[in-house]
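Hello,

Here is the structure I promised to pass on. Please have a look, and then read my notes below.

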Amino acid sequence: MAQIGVIHVPLFTTLEEENYDYIIKHSEAKLLFVSDKAIWNKTEKLIGKGSLKNIYAFDDFPEAKSWKEVLELGKKNADKKNELEEIKNKILPTDAVTLIYTSGTTGNSKGVVLMHQNLMSNSISVSKVFNLQPTHKYLSILPVCHVGERMGIYQTQYSGCSLYYAENIGTIARDLADVKPEGFGTVPRILEKVYDKIMGKAEQLTGLKKTLFFWALNLGIRYERDGKNGLWYELQLWLANKIIFSKWRAALGGNIQAIGVGGAALSPKLERVFWAGGIKLLNMYGLTETSPVITINRLNSSDMKLGTVGCVLENVQLKFAADGEILCKGPNVMLGYFKDDKATAEAIDTDGWFHTGDIGVLEDGKYLKITDRKKEIFKLSNGKYVAPQMIENRFKESVYIDQLMVIGESEKHTSALISPNRSS
């Protein structure tokens with residue numbers, strides 16, 4: 001549809017009815033494609049109200065029009081290929097191609113307007129980092145309405161790599177074993193669940209097997225790149241890879257060259273252990289508004305540092321405001337927020353710099369490290385400021401903690417709300 005200038009508005013399948021109502025009306029969507037009757041039930045009342053003209057379903061049920069009707073229309077109008085080419089030739093790189101609504105914690109979501117050049121510039125630059133080849137396979141496991149997965153798919157297609165889709169979140173392990181991909185993109189939470197599952201099985205081991213597992217794990221936690229831990233450590237790690245970590249790699253299909261990780265903070269402990277096991281996590285940073293990648297770690301040592309989100313992506317600029325906020329500029333920065341000039345002006349200054357709302361520092365002059373969200377920093381009653389994210393990430397390394405939130409605005413001390421991992 002992008003070829004004829006249609007703006008695509010992706011929607012999560014887990015939204016509540018009021019969220020669908022707001023986004024469909026606010027975006028002025030004219031056609032809606034849904035997967036099944038459950039989503040159709042939440043949206044069918046909007047037909048004829050506002051801009052929505054029709055809803056087409058991929059599943060077959062009598063109440064809804066089938067998406068196959070659209071295919072039939074295409075066959076009936078096959079003689080209009082010249083008209084299609086004329087429309088395609090008029091589309092500019094700076095024209096809008098998609099409208100993605102961010103998942104805000106309060107109030108209505110904001111619609112991020114991305115241009116063709118936003119997504120393509122980011123995808124082409126990221127493809128050079130992963131270097132997937134036409135003989136490789138990529139497994140898509142995240143929702144395709146997520147901008148990170150959209151970019152992952154585009155860079156895969158640009159590379160000529162074969163693209164496979166996981167059936168659902170519950171079949172990822174089986175799909176990895178079946179497809180044996182060279183790469184995939186994920187969020188830290190999925191890796192945490194993989195790690196927790198491995199740890200759960202390890203706790204059931206006994207004797208020498210259990211001793212060897214935790215010996216290898218402790219090696220992984222101390223991992224440094226380029227042999228910085230010395231020859232004795234490298235010899236031990238070689239052995240650990242043979243007898244323990246090889247099983248981890250096999251569980252991911254056995255062919256993984258790199259895994260793109262973004263969308264949230266990645267535990268440094270988890271990152272080191274996976275790298276020690278030959279599973280190369282390329283930690284990255286960005287937002288929907290930046291299409292999304294701003295910085296990313298590379299496979300080569302000169303552009304990679306554990307515990308950071310890497311170096312600035314090709315064609316992207318980075319600088320810091322006086323308060324440490326990360327600012328970004330480049331062809332990846334959005335056109336603006338749909339129907340919200342005020343929010344756009346607040347996010348993108350007159351010089352074209354996008355204000356991310358994140359606080360960070362550059363380590364060694366080139367590797368970005370996120371320290372907190374600007375709005376999440378709070379002050380204790382004694383006047384001291386607390387940046388909760390680093391504390392939260394450290395505690396969440398424990399297999400006994402599922403989620404944790406640091407609180408204490410205007411109080412004498414900080415406290416934490418903890419959701420325990422009851423499966424541990």
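This is a predicted model: local features need pLDDT of at least 70, side-chain atom pairs count only at pLDDT 80 or more; totals for chains, interfaces and linings use all residues.

Residues are numbered from 1 along each chain as its sequence is written, and side-chain values use heavy atoms, with hydrogens and water left out.

Let me start with helix α10, residues 231-251. Helices (H or I, at least four residues) and strands (E, at least two) are DSSP runs, numbered from the N terminus. With 21 residues at 1.5 Å a residue, α10 should span 30 Å, and its end C-alpha atoms are 28 Å apart, which agrees; the expected span is 1.5 Å times one less than the number of residues. Where does α10 bend? The bend is at N241, by about 55 degrees, taken as the angle between axes fitted to the seven residues ending there and the seven starting there. After α10 comes G253, with a positive phi near 105 degrees.

The buried residues of α10 are Y233, Q236, L237, A240, N241, I244, F245 and W248. Buried means under 20% relative accessible area, exposed over 50%, and partly exposed in between (1.4 Å probe, protein chains only). Their cover includes α8 (188-203), α9 (207-221) and α11 (268-276), where contact means heavy atoms within 4.5 Å.

F245 and W248 turn up again in the largest nonpolar core, where they join F130, Y195 and L281 as the residues with the most contacts inside it. This core has 76 residues; a nonpolar core is a set of buried Ala, Val, Leu, Ile, Met, Phe, Trp, Tyr and Cys residues joined through side-chain atoms within 4.5 Å. Apart from it lies another core of 18 residues, including Y20, V34, W40 and F61.

Now the sheets, in which two strands pair if DSSP finds at least two bridges between them. Five bridges link β4 and β5 (residues 111-115), and I100 stands opposite V112 in β5.

Four strands make another open, antiparallel sheet, ordered β13-β14-β16-β17. Here β13 (317-320) and β17 (367-373) are the edge strands.

Happy exploring!
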